[in-house]
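Trainee: I'm new to this structure and would like a close look at a single part of it. Could we put it up and start there?

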Amino acid sequence: MRRADFYNRKRMVHLASCAAFVISTILISLILAEWHKKSLAWVKNGYLAQGTIVNLDNNPSKLNTLLQRARLHTAFAITYSVKINNALFKKNAYVDQHVYASLSEGKSVPVYIAKNGEQHNLKSNIDDQLAQSHLIYYLSKTAVITVPVSLIFHALLMLIFVRTRANILLKGFYTKHSWLNTNDNVLIWLTHSQIIVIRFEKHQTKMLAQLYQQEACLDDLIAKLKRPNIYAIDIADINAIESEYASPKLLVSTANRAYKLSFMNYGLKHHALTQIAQHLPAHLIHSVNKKSRIMGFMPWFLLSVLCVAAVLQLNNHALMLIIAAIFVLKLLPKCIFHICSPREVQRWRIPDI
């Protein structure tokens with residue numbers, strides 16, 4: 001089956017986004033690992049000495065940045081002193097709750113000191129940093145940043161290269177009175193009195209598309225399908241139709257049931273709507289409801305602001321990841337969509353009495 005240009009673009013965007021994610025994650029991880037290795041090079045030739053705890057902060061430190069909070073669940077500030085070449089040096093350091101519980105003012109604490117005496121740090125902190133100096137650790141930490149960035153990059157590529165093609169009429173997927181949707185495995189066929197909806201199994205998609213593109217009639221297409229789900233909507237029974245501008249779905253209602261008709265893209269949906277509208281009962285009133293883009297954008301923008309604020313304030317990593325995922329996967333695409341698309345809804349309905 002011949003692939004449409006629209007879906008080739010979509011596939012290329014997916015591949016480019018995945019490649020960008022993998023390459024950027026590996027490169028950044030390698031850079032961070034090498035930088036970390038160099039920053040601890042002094043430890044190899046250093047020596048261990050005993051320092052003294054000068055001060056302990058009884059309250060957990062207020063870590064102001066997201067990166068600081070990601071490093072320590074609960075951080076405590078301490079001050080220690082150490083003698084280097086007969087000179088006394090003091091330094092502030094952060095330790096986690098487990099280490100903090102074992103310390104007390106005046107107690108000795110092991111300290112790593114560089115050979116030249118220019119650098120020193122608590123042994124517990126150095127041990128933690130050495131334990132983290134492997135590529136897997138940096139891959140996991142880097143992915144926390146590169147995953148949302150890659151998703152944003154993917155959304156922008158989709159906006160630039162794919163969404164602009166979403167209103168085209170895909171050759172081989174429509175005729176004047178029928179529309180084939182190989183994504184949702186559905187064929188919609190319009191007659192003078194009915195909208196016939198045929199749902200088929202995924203493994204039959206290629207076969208049906210080939211027959212459809214060879215201009216087979218409806219009876220021949222149905223005959224080739226195994227266990228199709230077929231239902232017909234009598235046009236005379238329709239009491240409402242609703243179509244949102246950039247949506248590929250058409251909502252059709254009768255007195256007994258509501259139907260959601262799905263098309264390959266909203267270009268094909270508009271084409272189908274034009275044909276269906278010519279057969280609708282005369283008593284249905286057509287209306288167009290237009291809203292400014294900012295009206296559609298603002299609710300999603302406010303929700304996005306709340307999500308970002310929550311991520312910056314929470315200390316629970318699981319909740320932070322869940323909220324961040326909701327923001328990147330749901331809210332950000334909605335913001336981009338509504339700021340770039342006109343908010344227009346067409347309706348055909350029975351007039352109010």
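Trainee: In strand 2, which residue is the bridge partner of Ile53? Please take your time with that strand, then show me what else is worth a look.

Mentor: The partner you want is Tyr80. Before we go on, this is a predicted model, so local features need pLDDT of at least 70 and side-chain atom pairs count only at pLDDT 80 or more, while totals for chains, interfaces and linings use all residues. Residues are numbered from 1 along each chain as its sequence is written, and side-chain values use heavy atoms, with hydrogens and water left out.

Back to your strand. Strands here are DSSP runs of E with at least two residues, helices are runs of H or I with at least four, and both are numbered from the N terminus. Two strands pair if DSSP finds at least two bridges between them. Strand 1 (residues 47-56) runs antiparallel to strand 2, and four bridges join them. On to strand 3 (residues 87-96): that one is also antiparallel to strand 2, with ten bridges between the two. Ile84 stands opposite Ala87 of strand 3. Is strand 2 (residues 75-84) largely enclosed or open? It's largely enclosed by the rest of the structure, because eight of its ten residues are buried. Buried means under 20% relative accessible area, exposed means over 50%, and partly exposed is in between (1.4 Å probe, protein chains only).

Now slide along to another set of strands. Strand 7 (residues 186-190) and strand 8 (residues 194-199) run antiparallel and are joined by five bridges. They form a hairpin too, with three residues between them, and Leu190 has Ile195 in strand 8 as its bridge partner. Strand 8 also pairs with strand 9 (residues 229-234), again antiparallel, over six bridges. There, Val197 has Tyr231 as its partner.

The rings of Trp179 and Phe263 make an edge-to-face pair, because their centres are 6.2 Å apart and their planes sit at 80°. (Rings of Phe, Tyr and Trp, the last by its six-membered ring, pair if their centres lie within 6.5 Å; planes under 30 degrees apart are stacked, over 60 edge-to-face, and the rest tilted.) Trp179 is in strand 6 (residues 178-181) and Phe263 is in the loop between strand 12 (258-262) and helix 9 (266-277), so the pair ties together parts 84 residues apart in sequence. Both Trp179 and Phe263 are buried. The rings of Tyr231 and Tyr259 are stacked, because their centres are 5.5 Å apart and their planes are at 20°. Tyr231 belongs to strand 9 and Tyr259 to strand 12, so this pair ties together parts 28 residues apart in sequence. Tyr231 and Tyr259 are both buried. Over the ring of Tyr231 sits the charged end of Arg257, 5.2 Å from the ring centre; that label needs NZ of Lys or CZ of Arg within 6 Å of the centre and within 35 degrees of the ring normal.

What about charges that meet each other? Side chains of opposite charge can pair when their charged atoms come close. A salt bridge here is a side-chain nitrogen of Lys or Arg within 4 Å of a carboxyl oxygen of Asp or Glu, and the count comes to three. Asp127 and Lys123 meet in one of them, at 2.7 Å from N to O. Both lie in helix 5 (residues 123-131), four residues apart, about one turn of the helix. Asp127 is partly exposed at 30% relative accessible area, and Lys123 is partly exposed at 26%. Arg227 forms a salt bridge with Glu201, their closest N and O atoms being 3.4 Å apart. Arg227 is in the loop between helix 8 (218-224) and strand 9, and Glu201 is in the loop between strand 8 and helix 7 (205-213), so the pair ties together parts 26 residues apart in sequence. Arg227 is exposed, at 67%, whereas Glu201 is partly exposed, at 27%. Arg347 forms a salt bridge with Glu242, with the closest N and O atoms 3.2 Å apart. That pair links distant parts of the chain, 105 residues apart: Arg347 is in strand 14 (residues 343-349) and Glu242 in strand 10 (residues 238-244).
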